[in-house]
Amino acid sequence: MSAPLSRRLLAEFLGSAFLAALVIGSGIAAQQLTPSDTGLQLLYNSAATAAGLFAIILMFGPVSGGHFNPVVSLVDTAFGGLSRRDAAAYVPAQVAGCITGAVVANAMFSLAAISISGHHRASPAHLFSEVVATLGLLLVIFALVRSGRAATAPAAVGAYIGAAYWFTSSTSFANPAITVGRMLSDTFAGIAPASAPAFVAAQLAGGVIAFGLIRALYPDLSPAEAADIVVPHERREAASGAAGP
């Protein structure tokens, strides 16, 4: 059996908080360092996110699996890797973590703890980009697990998100929890509350499409394999109670 739910929720909360602080904080720093060059701002923001996400998954993944994303948790649940009860707890922990991370990022740069973003993003191109970005993220994760390469997920997920900053017009949020967190910072990485519901809907749509494609590509994906999404995490042997790899 897996680690106690309370420990997994703490890991999901902390990982999501670090993720939001990373994305928003690096965006603030980029904006301050190069106030007149949006391209450089995006370069700094994407590079920091790619590297930091790699580290965050390594830190907390062994406890909870390193989801930090409601769409990942929901698709994992659909494949039997996460119970509905646990998914219902993971999602609020992820959202709360991203909200906390946004507040922390703002405070680290001496900004108001909460400042509602005015950055409107919900154009048709942005929404289509979110479908594509979320779809690609899930395909990366499940393909690695199904092919026995889950240990490479931290690097692969970080690399994919870093690249998706550039090949999608939305800069690849691909995560409803981080979308909520980014509403609370009126900075480079922010998103206006009016744009957020459409972004979340597009991300969920990407998750639905990904579920269908994963089933088509990997029809024999087992619940045991799905349980290792995003990375293999702590197990305890039912008979002995001893911690496992």
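Predicted model: local features only at pLDDT ≥ 70, side-chain atom pairs only at ≥ 80, totals over all residues.
Visitor: What makes the pairing of Asp-86 with Arg-8 a salt bridge?

Guide: The closest N and O atoms of Asp-86 and Arg-8 are 3.0 Å apart, and since a salt bridge needs a side-chain nitrogen of Lys or Arg within 4 Å of a carboxyl oxygen of Asp or Glu, the pair qualifies. Asp-86 lies in helix α4 and Arg-8 in helix α1, so the bridge ties together parts that are 78 residues apart in sequence.

Visitor: How do you know whether Arg-8 and Arg-85 are buried or exposed?

Guide: Arg-8 has a relative accessible area of 6% and is therefore buried, whereas Arg-85, with 59%, is exposed, because exposed means over 50%. Arg-85 also meets Asp-86 in a salt bridge, at 3.1 Å from N to O.

Visitor: Why is Glu-225 called partly exposed?

Guide: Its relative accessibility is 23%, which lies between the limits of 20% and 50%, so the label is partly exposed. Glu-225 forms a salt bridge with Arg-146, at 3.2 Å from N to O, and because Glu-225 lies in helix α9 and Arg-146 in helix α5, that pair ties together parts 79 residues apart in sequence.

Visitor: What makes the contact between Thr-152 and Arg-149 a polar one?

Guide: The side chain of Thr-152 reaches the backbone oxygen of Arg-149 at 2.7 Å, and the cut-off for a polar contact is 3.5 Å.

Methods. Residues numbered from 1 in each chain as written. Heavy atoms only, no water. Polar contact = N/O pair within 3.5 Å; in protein donor to acceptor, adjacent residues only side chain to side chain. Helix = DSSP H or I, 4+ residues; strand = E, 2+ residues; numbered from the N terminus. Buried < 20%, exposed > 50% of the residue type's maximum accessible area, 1.4 Å probe, protein only.
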